[in-house]
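This report describes how parts of one structure touch each other. Please keep the sequence and the 3D view at hand while reading.

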2 protein chains.
Amino acid sequence: MKAIGVTRDGDEPELLDIERPEPAHGEALVKTLRVGVDGTDHEVIAGAHGGYPEGEDYMILGHEAVGVVEDPNGTGLEEGQVVVPTVRRKPDGETNEYFRRGEPDMAPDGEYFERGIVGAHGYMAEYFTSPADFLVPIAADLAEYGLFVEPVSITEKANEHAFATREPFEWRPEAACVLGNGSLGLLTLWMLGQTFDRTYCVGRRDRPDPTVDIIEELGATYVDSRQTSVDQIPEAHESIDYMYEATGFAPHVVETVHALAPNGVGALLGIPEPWDFEVDGGSLHNELVLHNKCLVGTVNSHVKHFEYAIDTLEDMPEWLLDDLITTVADPENVAPAFVDDDEQIKAVVEFDTL
Amino acid sequence: MKAIGVTRDGDEPELLDIERPEPAHGEALVKTLRVGVDGTDHEVIAGAHGGYPEGEDYMILGHEAVGVVEDPNGTGLEEGQVVVPTVRRKPDGETNEYFRRGEPDMAPDGEYFERGIVGAHGYMAEYFTSPADFLVPIAADLAEYGLFVEPVSITEKANEHAFATREPFEWRPEAACVLGNGSLGLLTLWMLGQTFDRTYCVGRRDRPDPTVDIIEELGATYVDSRQTSVDQIPEAHESIDYMYEATGFAPHVVETVHALAPNGVGALLGIPEPWDFEVDGGSLHNELVLHNKCLVGTVNSHVKHFEYAIDTLEDMPEWLLDDLITTVADPENVAPAFVDDDEQIKAVVEFDTL
């Protein structure tokens with residue numbers, strides 16, 4: 001079958017011809033419909049994650065997928081059911097308390113594989129197999145947009161963790177701000193727009209720009225961080241009750257605290273490299289304490305968050321999902337899906353349609 | 001009546017002779033039993049907080065008090081009821097949403113007075129008045145230790161906020177660490193010892209030392225931060241599920257994140273001055289995200305936390321409370337209560353006994 005992967009010697013995605021996988025006991029065989037490309041895929045291609053599947057000299061890319069059950073293989077799934085696979089898997093031959101509890105997103109480094117990222121093949125192939133427990137059913141009429149379930153699930157988890165921190169008191173947030181105008185940032189901006197009175201989205205783009213257009217179509221305010229740094233947002237606009245950091249620009253960890261309103265919370269999702277710089281650590285500490293602020297780091301998501309994400313996706317306007325998908329590439333010619341320029345928001349590799 | 005206060009021109013606590021306060025409508029008159037001294041009082045004396053009551057050239061010290069109702073003044077309290085006053089009060093002539101909700105601890109800077117700290121007289125006097133809503137009843141047999149209710153309430157709030165952040169998943173913490181071996185740290189160490197399997201307390205003292213003796217009596221491990229910095233705790237001992245920071249040493253905001261186990265939470269309570277230093281902001285951000293860690297700042301407490309604290313105090317061993325009180329001073333000779341050396345843990349000014 002056709003698969004898109006990276007090889008140990010290569011530095012770009014290649015079309016591979018590999019064996020169709022056979023589902024093991026407890027696994028179903030899924031025919032792939034669409035697979036999204038995101039920043040993590042570009043990092044995998046650049047070799048930032050490494051971790052090829054053991055004994056393999058290639059890794060199939062892709063972790064944002066939607067497919068249709070081809071062979072339930074006795075798992076209880078129905079043939080023809082549209083499904084979205086989760087990303088984390090037990091390391092070969094092992095399990096651990098996090099997987100047993102259904103919370104693999106809480107497993108520490110080294111206690112999981114991530115399909116298409118570290119230690120396990122991804123979904124960018126004509127077929128894939130997965131334990132049925134990690135295949136989340138989705139309505140057939142959402143199949144086209146099913147590749148958004150994984151990224152939306154990341155925000156479902158982040159919001160759950162962030163809002164839980166504010167449960168002990170009566171929090172009355174009004175303003176939310178998303179740092180990052182990629183597809184995850186824009187999906188999140190819509191989600192936060194459903195409950196916050198005012199939303200902001202921070203990027204580094206000149207107009208005209210397709211993401212700025214979407215930001216404004218969503219009724220949010222675009223903040224150009226080249227003019228207004230994150231810690232200047234309170235002065236330029238207002239203090240922010242909920243900051244959602246999805247860029248991985250390391251200084252944001254500090255700037256987020258200063259941009260927060262009293263009793264605000266910042267969710268951190270970006271993953272920067274080590275970077276030494278000077279901070280006013282006293283004021284950072286002080287500001288967290290005196291204004292009851294919170295910073296919560298969050299990574300990955302589990303089945304429950306995928307289910308929440310499917311509900312959320314059902315409510316999202318179709319124009320938004322259509323506008324986000326800027327490229328639909330064929331496996332025979334995937335190069336356009338890996339172009340990473342200002343015109344690209346979400347690229348998709350399409351293997352099949354319903 | 002006798003009161004202990006600081007004056008605008010003075011730089012140490014003085015015995016003042018002032019008018020006994022008259023309770024206004026909704027207030028009761030309380031006869032003071034004991035008032036504790038803590039680090040904040042030393043900061044007030046040093047002028048770090050400022051904020052004398054408007055129009056006054058002195059401020060009565062003290063915010064850790066216990067007293068007995070002398071005149072209920074129609075408030076519904078009973079004469080003779082032992083009570084502990086909370087600390088935050090509405091600024092004169094104003095109110096705000098935080099006070100209306102009973103959550104003055106969540107009010108931002110400028111929207112509250114703190115008795116004995118900023119804008120309002122404290123409790124270190126023969127009598128004080130307070131709105132009855134801010135007087136929390138306590139059993140007479142706890143009166144001697146009632147001055148510990150306020151500091152314990154600070155930890156009740158911190159724990160509530162910290163543990164709420166871990167609610168979205170099945171958190172199974174085992175190790176807790178308190179940064180700071182003052183009376184608040186030692187009270188907290190006992191509290192955490194009730195639910196955590198292993199506890200640590202970080203200080204900077206040579207043995208023999210009375211706080212190290214208490215740490216070990218509590219079954220906790222003493223960590224001398226001159227030998228083992230906070231971020232070295234995982235290597236020297238183990239990673240920590242819950243870090244409680246009560247020193248205000250600014251680098252702890254970063255070191256705490258590195259000392260935390262995956263999915264751990266750090267509560268920050270200390271209040272450092274501004275201090276620029278270099279940090280690896282990338283790794284700080286990264287570590288928060290990849291291991292789902294959380295930092296939560298927390299200040300002050302409200303009536304509910306005082307009520308929790310009274311329950312906690314009932315369970316605390318008497319030897320601990322007795323060992324913590326190293327000085328009981330008379331208002332006529334308070335100097336011993338303001339000595340701040342390694343032999344002092346908690347000093348108390350005693351105005352009366354039951």
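## Salt bridges and polar contacts between the chains

Between chain B and chain A, the count is two salt bridges. The model is a predicted one. One of the salt bridges joins A:Arg101 to B:Glu170, with the closest N and O atoms 3.9 Å apart. This pair counts because a salt bridge needs a side-chain nitrogen of Lys or Arg within 4 Å of a carboxyl oxygen of Asp or Glu.

Polar contacts also cross the interface of chain B and chain A: 31 residue pairs are found, both residues of a pair being at pLDDT 80 or more. Which elements of chain B each supply at least two residues of the side that touches chain A? They are α2 (97-100), α3, β16 (260-268), β17 (276-280), α8 (281-290) and β18 (294-297). Of the elements of chain B, α8(B) gives the most to this side, with nine residues.

## Extent of the interface

On the side of chain B, 56 residues are in contact with 55 residues of chain A. The two chains bury about 4600 Å² between them, and 59% of this area is on carbon and sulfur atoms. Three residues, B:Pro168, B:His285 and B:Asn292, supply 14% of the area that chain B buries against chain A, which is more than any other three residues.

## Aromatic pairs

A pair of aromatic rings is described by the distance of the centres and the angle of the planes. Over all chains, the count is 15 aromatic pairs. One of them is formed by B:Tyr123 and B:Phe128, with 4.5 Å from centre to centre and 55° between the planes, and it is tilted. Both B:Tyr123 and B:Phe128 are buried.

Another pair, B:Phe163 and B:Tyr242, is edge-to-face, with 5.0 Å from centre to centre and 65° between the planes. This pair links distant parts of the chain: B:Phe163 is in helix α3 (residues 149-164) of chain B and B:Tyr242 is in strand β15 (residues 240-245) of chain B, 79 residues apart. In chain A, one aromatic cluster is formed by A:Phe163, A:Trp171, A:Phe196 and A:Tyr242.

## Charges over rings

A:Arg101, which takes part in the salt bridge with B:Glu170, also has its charged end over the ring of A:Tyr98, 5.6 Å from the centre of that ring. In chain B, B:Arg20 lies over the face of B:Tyr127, and the distance to the ring centre is 4.4 Å.

## A serine in a loop

Where does B:Ser301 lie? It is in the loop between β18 and α9 (303-315) of chain B. B:Ser301 counts as buried because its relative accessibility is 4%, and buried means under 20%.

The side chains of B:Ser301 and B:Ser153 are joined by a polar contact of 2.7 Å. If neighbours within four places in sequence are left aside, B:Ser301 is in contact with B:Asp105, B:Ser153, B:Ile154, B:Lys157 and B:Phe306.

## A mostly covered helix

Helix α4 (residues 183-193) of chain A has eleven residues, and nine of them are buried. Among the buried residues of α4(A) are A:Leu186, A:Leu187, A:Trp190 and A:Met191.

Technical notes:
Residues numbered from 1 in each chain as written. Chains lettered and ligands numbered in written order. Predicted model: local features only at pLDDT ≥ 70, side-chain atom pairs only at ≥ 80, totals over all residues. Heavy atoms only, no water. Phe/Tyr/Trp six-rings, centres within 6.5 Å; stacked < 30°, edge-to-face > 60°. Buried < 20%, exposed > 50% of the residue type's maximum accessible area, 1.4 Å probe, protein only. Helix = DSSP H or I, 4+ residues; strand = E, 2+ residues; numbered from the N terminus. Lys NZ or Arg CZ within 6 Å of the ring centre and 35° of its normal. Contact = heavy atoms within 4.5 Å. Buried area = accessible area lost by both parts, 1.4 Å probe. Polar contact = N/O pair within 3.5 Å; in protein donor to acceptor, adjacent residues only side chain to side chain.
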